[in-house]
Amino acid sequence: VIEALTLHCPKCGHRYESTPDRWQCSCGGALSAPLTAGLRRDTVDRSEPSLWRYAAGLPAIARPPAAYFGEGRTPLVDRPWAGRTIGFKLDFLMPTGSFKDRGAALVVNALAGAGVGAIAEDSSGNAAASYAAYGAAAGIRCRVFVPDSASPAKIAQARAYGADIVAVPGDRAATAAAAMADRHGLYAGHNWHPLFIEGVKTIAFELWEQHEWAVPDVVIAPIGAGSGILGLDRGFRQLALSGAVSRAPRLYAAETQCWATISRASASPDAAESWLNGERQPSVAEGLMIAEPPRLLQVIRALKRSGGRPVAVSEPAILHALHALAEQGLLVEPSSAVAAAAASALVDTGEIVSGDRVVVVLTGSGLKTSSAMHRPAHASLTP
Ligand SMILES: [Zn+2]
């Protein structure tokens, strides 16, 4: 028997018993699962070689999961960076090549356990591949709605896993609306589904275990819609709640100056609305170009609470970091290199001080975006 989960809306406070079709509050807000205190060092299932070893801190999912790849437990490696030693969390080594597999593992397995046979998702990038792969393994039909401008290379992976690809004319918002209105599958969009962040928070649990049951001082992750930062925030807060750690790291959200949604909205929350409707420039970090993050205010609150902030970096800095990582054997996508560029920026501003243990989460594989490597870093570094 799987215990019921009570979801709540941080915007209006309304509560709902979780059902497979409940992904949004009636007020339009994005729903969250409750924070629980079950995970401690002695409740980690050390016989389980995947993120499911932290089941004591996750919403209950039927075991064994319908879709299982042994996901999680990605390496943490130290490398010299910006004159210091920084820990790089290699989440691009997840089963489909991105951290989004953590969220898909929770969402798709929960829906499989509830008997759902078909789901709809909107994405043109990594989340499409994650849902498609987990759907394939769980026997769930997956329809992925993509903007008709999406590059075929980005959706080839999802199509290979057997997902139906539906191209939607118009912008990213039109794509989301089409997925939500889909009649063939239950909407399970990763930017909205409350269990997606529950899966992503296992990054925090792994960092805790990889630091001998302690936490680093600083964690930097790229930000698009915010599931990475919110997952880290929830994971570390949950560990603090259970008494497993006494403090949480400062969280920094790395974004591109071309699309600095979080930086601008943080500087003036009242201006968030006008910013969301404003003009933005395309970036090499295409995974971070999210028009309207449904959890924008939650992200701003999480960063502030942790003592960190959003960090916007330039396109030349992103390309420089992309190549510098590759020269150390770390081939990531430009959206991930943004976080490494932010680490350099924080060393420059003095916000990372000597003695700080810093972790940069590398979220997506460069094998999906190899064409980005054709852009020479050195040429674009010239102002
Ligand atoms: Zn609400």
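Reply: The largest cavity is lined by H190, N191, W192, H193, I197, A225, G226, S227, L230 and R295. Residue numbers start from 1 along each chain as its sequence is written, and side-chain values use heavy atoms, with hydrogens and water left out. The model is predicted: local features need pLDDT of at least 70 and side-chain atom pairs count only at pLDDT 80 or more, while totals for chains, interfaces and linings use all residues.

A cavity is found on a 1 Å grid over the protein atoms alone, as a set of points where a 1.4 Å probe fits but cannot get out; a pocket is an open set with protein on both sides within 12 Å along at least five of seven lines, and a lining residue has an atom within 4 Å of a point. Grid points are joined across faces, edges and corners, and a volume is the space filled by probe spheres set on the points. The structure holds 1 cavity of 30 Å³ or more, and the volume of the largest cavity is about 60 Å³. Its lining is made up of 4 nonpolar, 5 polar and 1 charged residues. In this grouping Ala, Val, Leu, Ile, Met, Phe, Trp, Tyr, Cys and Pro are nonpolar, Asp, Glu, Lys and Arg are charged, and the others, Gly among them, are polar.

I229, L230, D233 and R237 in α7 meet Q298, V299, A302, L303 and R305 in α10, where contact means heavy atoms within 4.5 Å. By class, this contact of α7 with α10 has 5 nonpolar, 1 polar and 3 charged residues. Helices (H or I, at least four residues) and strands (E, at least two) are DSSP runs, numbered from the N terminus.

Two packed helices are described by the angle between their axes and the distance between the axes. The axes are lines fitted to C-alpha atoms, for helices over the stretch in contact, and angles run from 0 to 180 degrees between N-to-C directions. For α7 and α10 (residues 296-306), the angle is about 50° and the axes are 10 Å apart. α7 is therefore oblique to α10; angles under 35 degrees count as roughly parallel, over 145 as roughly antiparallel, 65 to 115 as roughly perpendicular and the rest as oblique. The crossing of α7 with α10 is left-handed. That term applies if the near helix is turned anticlockwise from the far one by less than a right angle, and right-handed applies if clockwise.

α7 also packs with α6 (residues 202-210): their axes come within 7 Å and cross at roughly 55°. This makes α6 oblique to α7, in a crossing that is right-handed. On the α6 side the contact uses I203, A204, F205, L207 and W208, and on the α7 side L232, G235, F236, Q238 and L239. These residues divide into 8 nonpolar, 2 polar and no charged.

Beyond α6, the loop between α6 and β9 (218-222) holds E212. Phi of E212 is near 55°, a positive value in a residue other than glycine.

The open space is described separately. The largest pocket contains about 810 Å³ of space. It has 38 lining residues, and S124, E286, G287, M289 and I290 are the closest to its centre. α7 (227-241) has a part here too: along with α2 (126-138) and α4 (172-180), it supplies at least two residues of the lining. The lining of this pocket has 14 nonpolar, 16 polar and 8 charged residues.
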